[in-house]
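Dear colleague,

My notes on it follow.

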Amino acid sequence: MAVEAGEAGLDSLAAVGAPSGEKGGIRILSAAVIHEPSVKGVIAVLRSAAKGSDLVLVDAGDQAFNRAVLTLKGVGVLRQVHRAPRGAFTHVTARLAADRGVALEFDLQPLVQLRGWPRQRVIQSHERLLRPQRKYGFPCTVATNARSILDLRSPRELAALTRLFGMGEEETLRALAVPGELAGRYRGVP
Amino acid sequence: MPSHLPSQRDRRRYLLCRTVPEWAEPGPRVVFQAVCEAITTLWGDTGAAEIAPAVLDCGRGYVVVRCRRGTESRMSAALATVTRAGEDRLALRQVLTSGTLHAIRRRMREPTVAGTDTPVLLEGRAFLARRSAGQKVDLIAEEKKSPELLFFTEDDGVVR
């Protein structure tokens, strides 16, 4: 995967469960994804499994959940916001994310894999999220959530995909650099 | 009757894409269908008509597609959503966009010499190890019902 990522023009990748290091000139960030539905569960996983990771990503939930998660130390990225209920990410959460430096993930996998109205809904959701991102300036990342080299996309392709919901090429390249900047910013147990 | 003067012909752009996995050799018809499906689902029939896609060359690990000038960004987005050609999974990695086929052909790398398939036993399961460019080694599970592709490198210490 690292070899293919290097050939595609990427300089680093975040891999869930992999140890951090370097392979084939590609920086590998150790990432942990937390799927817990409750804040209590997120805190428990943050204390145990996610402790040694460079980057901690948490699946978004409703608004109360998101606001609580954004205040937790160690959380780097809030992901899957497009799957959260409508109104889960408001101007309050946006301001909180900007204050805490927590990034929002734009998942590009549904844009590649889905067809028809499910994809249209994801594009609409990403468009809606891009507006507060530009207004409040919180960091954002773009992810392919690749499970094999067939799901990987090059920066040029990622820029073409993000253009579908109005993100510019500069913004995409900046978003690609965010995980590297967030890595190692683990701030201890909440 | 449309004019055939070179200055009045449609301006075209050519996109060079690398096929992933590299050893996949999909037929041009199958690739054209996959590209058309991706364009139509993303941009609709009118968008597809504007783009006017065509597959010019297919093989040796590369696909050359053509579109109208000014529509290459839309073509590029659609190509990024290609996930399979026919029954097989396939990704098209875009390498170059150019106005001439000459530049596209110059950029094509010589195909790597395909190594022989070596049978490998891993955790009690039989695989075929197929070496491709660089360090890449593809492991193909030899099972009847669910063919599975695993990607390893020599660094992983699995295939020697």
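In which helix of chain A is the place of Arg131(A)? Arg131(A) sits in helix H6, residues 117–136 of chain A, where helices are DSSP runs (H or I) of at least four residues and strands (E) of at least two, numbered from the N terminus.

Before going on, please note that this is a predicted model, in which local features need pLDDT of at least 70 and side-chain atom pairs count only at pLDDT 80 or more, while totals for chains, interfaces and linings use all residues. Residues are numbered from 1 along each chain as its sequence is written, chains are lettered from A and ligands numbered from 1 in the order in which they are written, and side-chain values use heavy atoms, with hydrogens and water left out.

Arg131(A) counts as exposed because its relative accessibility is 58% (exposed means over 50% relative accessible area, buried under 20%, and partly exposed in between, with a 1.4 Å probe and protein chains only).

Two residues other than glycine have a positive phi. Gln80(A), with phi near 55°, lies in the loop between strand E5 (77–79) and helix H4 (91–100) of chain A, and is buried at a relative accessible area of 8%. Ala52(B), with phi near 50°, is found in the loop between H1 and strand E2 (54–59) of chain B, and is partly exposed at 29%.

Chain B also has a cis peptide bond between Val20(B) and Pro21(B), with omega about 0°; Pro21(B) belongs to the loop between strand E1 (12–20) and helix H1 (28–51).

Best regards
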